[in-house]
Amino acid sequence: MPELPEVETIKNDLSRLVVGKKVLDVTTDTAKQVVPSLSVVKKQIVGASIKKIQRRAKLLIIHLSNGKILVFHLKLTGRILIRKTNIPRDDWQHITIFLSGNKELRFCDLRKFGWMKLMKNGKEFDSELVGFGPEALEVKLKGFQQILSSTTRAIKVLLLDQKKIAGIGNIYACDALNLAKIDPTRKSNSLNPNEQKKLLLSIQKVLKAGIKYRGASDQFYLDALGHKGAYQEHFLVYARAGEKCFNCHGKVEKVKLAGRGTYYCSACQV
DNA sequence: AGTCGCCTGGTA
DNA sequence: TACCAGGCGACT
């Protein structure tokens, strides 16, 4: 569920809420979501304090004072909530990290696809991140053009490939392609320089809008305090099948592309 | 490139 | 009842 803007919002929230807090205990009721295991994680992080929060791609990363690093992937339905200990359990709460100051970091996940991994040291951490492409908000035009011309895959499929470019998910891929007026099924290497540039600008524009509105909560996403984001009120095409395209007078259509729901306007996206 | 699996829920 | 869901890795 959470893509770059949602994880970025949580990262910013956590930086405010839990940096400096000490880890007191860790529990889970879904052992498989904790890697390598609850007992190892507990042994390695209890007593350490939270030093810094980071995001890379769609990963949320917590650096601890003893050099250990916790990496979270929220997949489709993960949430990270910071609650006072006296607040009743949250829905689908599966991992709890008890913190000093009577706070808890709660990892909640309806579909249980998400995970939390402990990295013993910087080396292990680096190897976890090595496969990702450049950050979508940081990649330069030249690098982006190289990524595009490296393949004949459909452009939308490429944008979702974290190994090529990191942070974009289905919502922002659909909206960016609409803003750039590019057909999602176009071959990546068929874009001309003008289209390449327009696409990169559009990607960065919709991601920044996502961050500005604190993420898209049309389905499941909540920020670290349990509040909804508002980007769903600003979707360009995502989840708007049958409605009017904002670029032109066309109608937003929904098709399947590489198994994923894809929203676009066939009138102006060419 | 396409399909399946991991899981659970909401909606047609 | 069937299908859909913002991710992603393994498999063919």
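Buried residues have under 20% relative accessible area, exposed residues over 50%, and partly exposed residues lie in between (1.4 Å probe, protein chains only). The model is predicted: local features need pLDDT of at least 70 and side-chain atom pairs count only at pLDDT 80 or more, while totals for chains, interfaces and linings use all residues. Residues are numbered from 1 along each chain as its sequence is written, chains are lettered from A and ligands numbered from 1 in the order in which they are written, and side-chain values use heavy atoms, with hydrogens and water left out.

**View 1. A salt bridge joins Asp25 and Lys42.** A salt bridge is a side-chain nitrogen of Lys or Arg within 4 Å of a carboxyl oxygen of Asp or Glu. For Asp25 and Lys42 the N to O distance is 3.8 Å. Asp25 belongs to strand E1 (residues 23–28) and Lys42 to helix H2 (residues 38–45), so the contact ties together parts that are 17 residues apart in sequence. Helices (H or I, at least four residues) and strands (E, at least two) are DSSP runs, numbered from the N terminus. Lys42 is partly exposed at 33% relative accessible area, and Asp25 is partly exposed at 27%.

**View 2. Glu104 and Arg106 form a salt bridge.** Their closest N and O atoms are 2.8 Å apart. Glu104 is buried at 6% relative accessibility, and Arg106 is buried at 2%.

**View 3. Glu124 and Lys120 meet through their side chains.** The N to O distance in this salt bridge is 2.9 Å. Glu124 is partly exposed, with a relative accessible area of 25%; Lys120 is also partly exposed, at 44%. Elsewhere, salt bridges with shared partners connect Glu8, Lys11, Arg55, Arg56 and Glu135 in one network. The structure holds 17 salt bridges.

**View 4. Trp92 and Phe220 form a tilted aromatic pair.** Rings of Phe, Tyr and Trp (its six-membered ring) pair if their centres lie within 6.5 Å; planes under 30 degrees apart are stacked, over 60 edge-to-face, and the rest tilted. The count by this rule is six aromatic pairs. For Trp92 and Phe220 the ring centres are 5.3 Å apart and the planes at 45 degrees. Trp92 lies in the loop between strands E6 (78–84) and E7 (93–99), and Phe220, 128 residues apart from it, in the loop between helix H7 (193–212) and strand E10 (252–257). Trp92 is partly exposed at 35%, whereas Phe220 is buried at 14%.

**View 5. Arg79 lies over the face of Phe220.** The distance to the ring centre is 4.3 Å. A charge sits over a ring if NZ of Lys or CZ of Arg is within 6 Å of the ring centre and within 35 degrees of the ring normal.
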